[in-house]
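Dear colleague,

I am passing a structure on to you, together with an account of what was found in it. Please look at it first and then read on.

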Amino acid sequence: LMDYKQEQEMEIEILKSILLDDFSTSNSGHEIVILPDATGENHVSVSLRFKFPPKYPESPPILDLVKKKGFLDKTEWDSLVEEIKKEAEQNVGSQMIFGIVEFIKQWLGERNHPPQSAHDEMMKKKQIDLTKYDDYEGKETQSENQQEEEKEYVFSGTAVTIESFLDWKAAFDAEMRVKQAKSIVVEDKVQKITGRQYFEEMIKSGKGLQEEEDGGDDDTNFESVQVDESLFVEEEDESFN
């Protein structure tokens, strides 16, 4: 079985030898002052107060974190407290105080910045607002330029006047008259055919040239009609000049 008392005393001796003046003991428990930089300038610091329950380290220690220096955001502070609790729970069964101290020191080191004055905070906010305004102005300007380009595209071209419209209409009407005249000539040529041409077409198609007489023998047919082409006079085609 683990000797809890011996484990606790051994850990206290190790912490004293490592942390020196940053470690202290009182009737209420033990306290460690934690600085992010042991040699440089520190703008933030905290104090870790802790007690060992009877069965530590198989039970997590009783921890209390206290602000010492610096302006820490409440949301970040609450996040740090939760992370320390997780560290303690993950290391149950072994000595953990020094590991928790190192975790806190690293967390403070990432936030070891000089506190900003009210003026600095105001200027920072103003700079953020200006950035948002510039972005908005840039989008507005881009939109206006796009609208102007669309207007130029719509209105580009030759302006229509009464004179130009009348000239165009006269040319259009003349073109339509020419097309209409050509259409009439073609239609007239298609429809106009001579008697000779009609008769020749009838011969070629075989219509009306070889028909049976009513009441005659079924096997008796008329001989093919012989056409004397000299009887037909060629008619001259009329056309538009």
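This is a predicted model: local features need pLDDT of at least 70, side-chain atom pairs count only at pLDDT 80 or more; totals for chains, interfaces and linings use all residues.

How do the residues of the lining of the second largest pocket divide into nonpolar, polar and charged?

**Overview**

The protein chain contains six helices and four strands. Along the sequence, these elements follow the pattern α-β-β-β-β-α-α-α-α-α. Of the 241 residues in the protein chain, 17% are buried.

**The second largest pocket**

To return to the opening question, the lining of this pocket divides into three nonpolar, four polar and four charged residues. The volume of the second largest pocket is about 170 Å³. Its lining is made up of Ser 26, Ser 28, Gly 29, His 30, Glu 31, Arg 49, Phe 50, Lys 51, Ile 62, Leu 63 and Asp 64. At least two residues of this lining come from each of strand 2, strand 3 and strand 4 (62–69).

**Salt bridges**

Seven salt bridges are present in the structure. One of them involves two residues of the pocket lining, Glu 31 and Arg 49: Arg 49 forms a salt bridge with Glu 31, and the closest N and O atoms are 3.8 Å apart. This pair links distant parts of the chain, since Arg 49 belongs to strand 3 (residues 45–51) and Glu 31 to strand 2 (residues 29–34), 18 residues apart. Glu 31 is buried, with a relative accessible area of 19%, because buried means under 20%. Arg 49 is partly exposed, at 38%.

A second salt bridge is formed by Glu 83 and Lys 86, with the closest N and O atoms 4.0 Å apart. Both residues lie in helix 2 (residues 74–90), three residues apart, which is about one turn of the helix. Glu 83 is partly exposed, with a relative accessible area of 31%, and Lys 86 is likewise partly exposed, at 44%.

The side chains of Glu 110 and Arg 111 also meet in a salt bridge, at 3.4 Å from N to O. Arg 111 counts as partly exposed, at 23% relative accessibility.

Helix 1 (4–19) has 16 residues and reaches 22 Å from its first C-alpha to its last, close to the 22 Å expected at 1.5 Å a residue. Its buried residues are Gln 8, Glu 11, Ile 12, Leu 15 and Leu 19. Seen down the axis of helix 1, these fall within an arc of 105 degrees, so they line one face of the helix. Glu 13 and Ser 17, on the other side of helix 1, are exposed.

Helix 2 has 17 residues and reaches 25 Å between its first and last C-alpha, close to the expected 24 Å. Trp 77, Leu 80, Ile 84 and Ala 88 are the buried residues of helix 2. They lie within an arc of 75 degrees when seen down the axis, and therefore line one face of the helix. The face turned away from this buried side carries the exposed residues Thr 75, Glu 89 and Gln 90.

Helix 3 (residues 97–109) has 13 residues, which should span 18 Å at 1.5 Å a residue; the end C-alpha atoms are 18 Å apart, in agreement with this. The buried residues of helix 3 are Ile 97, Ile 100, Val 101, Ile 104, Trp 107 and Leu 108. Because they cover an arc of only 125 degrees around the axis, they are on the same side of helix 3.

**Two points of backbone geometry**

Most residues other than glycine have a negative phi, and most peptide bonds are trans. Where does the chain have a cis peptide bond? This bond joins Tyr 56 and Pro 57, with omega at about 15 degrees. Pro 57 is located in the loop between strand 3 and strand 4.

Leu 20 is not a glycine, yet its phi is positive, at about 55 degrees. Leu 20 is placed in the loop between helix 1 and strand 1 (23–26). With a relative accessibility of 56%, Leu 20 counts as exposed.

With kind regards

Notes:
Residues are numbered from 1 along each chain as its sequence is written. Side-chain values use heavy atoms; hydrogens and water are left out. Buried means under 20% relative accessible area, exposed over 50%, partly exposed in between (1.4 Å probe, protein chains only). On a 1 Å grid over the protein atoms alone, a cavity is a set of points where a 1.4 Å probe fits but cannot get out, and a pocket is an open set with protein on both sides within 12 Å along at least five of seven lines; lining residues have an atom within 4 Å of a point. Grid points are joined across faces, edges and corners, and a volume is the space filled by probe spheres set on the points. Ala, Val, Leu, Ile, Met, Phe, Trp, Tyr, Cys and Pro count as nonpolar, Asp, Glu, Lys and Arg as charged, and the others, Gly among them, as polar. The expected span of a helix is 1.5 Å times one less than its number of residues. The arc is that of the directions from the helix axis to the C-beta atoms.
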